[in-house]
Amino acid sequence: MEIQEIVSNQNAFFKTQQTKSLKFRKMYLEKLRDVVIKNEDLLYEAIYQDFGKSKFDTFTTELSFVLNDIDYYLKNVNSLSKPKRVRTNLSNQIGKSSIHPEPLGCVLVIGAWNYPYQLSLSPMVAALAAGNCCILKPSEIAENTMKVMAKLINDNFPSEYLYVYEGGIDETTALLKLKFDKIFFTGSTKVGKIVYKAAAEHLTPVVLELGGKSPAIVTKDADLEVAAKRIVWGKFLNAGQTCVAPDYLLVEESIHEQFLEMLRKYIVEFQYGPDAEQYTRIINRRNFDRLVKLIDKDKLYYGGNSEEKKLYIEPTLLNMINWEDEVMQEEIFGPILPVISFTNFNLALKTILDLEKPLAAYLFTRNSEEKETFTAKLSFGGGCINDVIMHLGNERLPFGGVGNSGIGNYHGKFGFDAFSHQKSVLEKATWGEPSIKYPPYTEKKLSWIRKLL
Ligand code: NAD
């Protein structure tokens, strides 16, 4: 079946109103949970083939997110979709006001390759929980995971409700010509702009989950051991191919040398060797070549080795970096960590403020003034104080970018809202209406209206 036909069938199916039933939504969320659990081994195998991601990392950073999302919506879909009463203002008395969350229709989710399950299935789960039909287009760059998701979903779900469409740039370009009721895109800022333009043709609302250079600042007041351990974990998880990984470090000069040594210590301790089960490979040759070029041997503090055959790049620390260096021009998206030194905390913040707003920002300190200044002055999608990445694990926090790092957000209630329209309804009584609302108008009526409004 052609994709146009599937989209048109989804539109027709949505109009039958069946997806609005909570029983229907829960039945398919449960089914999806069963499909994921029953096929865990297939899912692990596919991602391992794509970029050597371990079972441990796949469970903790991918499948557990998806399964938690399913459970969250199964538990909360009733209350999330329930109409909410709000107060009615004086001029609308006697009346009742309420907000009715309603599904949008047929939505398109476009996923990225770096967390291929989480970034495709989590938005899709939110879309289904909110009562939509959905087309999912995972990233073709992680080909095996794309294929396994297509097989499992297309074999188990009716295509007029949920369908995985496989394809690359050409297929996505064609898909974007069709009309959807929402497009949820995860990927680069460059492609995000293409998606936004295509969506504008149909006035389709979008969520754009994009990237950018996310800083981590370490001041002399930080618990340095904790900071080093958490930064090394978060930076080299998925071999640095994480949208919210700390892209670069700003370290206060007085602790700079000591801190680099601690980073090195943890890299060694965590054993990220070329054959290590716990260390992911680079996704493809193109990215491998791009990353290897960013390793400036003159600024190497630790690492720098690579093995082309295995698409392995050793965790690498670059020291004495300045803002003009090539590694500081674009999002790194790999296991290379440049370290810049600073002497004045406020000036360091000012430098970040002059750049595009990042998807994440992190601060390591025990100084409450620094914590307050960081939160009040910097604009970023989301972040942590004294940790990295972990803010994503709290479904009560919205996840999304700002400025160049994205539009809109999701996770938990925010995901449900991203795929819902908030419909306002005012219900009036048929009695008790003041005659001053209606013509003919008089000065006396106006003076009453002035008092009322
Ligand atoms: P990408 O932009 O290259 O691809 C994302 C999706 O867009 C894929 O499904 C791909 O098939 C499609 N696509 C690519 N080129 C296209 C084109 N010309 N026209 C239409 N569709 C096209 O991104 P990527 O390489 O998969 O991911 C890396 C980027 O994504 C990084 O910048 C990273 O920071 C960002 N990212 C953001 C988040 C987030 O949640 N905010 C998560 C992961 C990755």
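Helix H2 (22-38) and helix H6 (143-156) each give at least two residues to the lining of the largest cavity; helices here are DSSP runs of H or I with at least four residues, numbered from the N terminus. A cavity is a set of points on a 1 Å grid over the protein atoms alone where a 1.4 Å probe fits but cannot get out, and lining residues have an atom within 4 Å of a point. This is a predicted model, where local features need pLDDT of at least 70, side-chain atom pairs count only at pLDDT 80 or more, and totals for chains, interfaces and linings use all residues. Residues are numbered from 1 along each chain as its sequence is written, and side-chain values use heavy atoms, with hydrogens and water left out.

The largest cavity holds about 60 Å³ of space. Around it you will find Leu32, Val35, Val36, Leu43, Leu121, Met149, Leu152 and Ile153. By class, that lining has 8 nonpolar, no polar and no charged residues.

Now for an open space. The second largest pocket is lined by 23 residues, and Asp57, Thr60, Thr61, Trp233 and Leu237 lie nearest its centre. Helix H4 (55-81), helix H5 (116-129) and helix H9 (224-236) each give two or more residues to this lining, with H4 giving the most, 5 residues. Domain 1 (3-210 + 403-425) and domain 2 (215-400) both contribute to the lining, so the second largest pocket lies between them.

Terms used. 1 Å grid on protein atoms, 1.4 Å probe; cavity = no way out; pocket = protein on both sides within 12 Å on 5 of 7 lines; lining within 4 Å. Domains from an automatic or database assignment. Points joined across faces, edges and corners; volume = space filled by probe spheres on them. Nonpolar A, V, L, I, M, F, W, Y, C, P; charged D, E, K, R; others polar.
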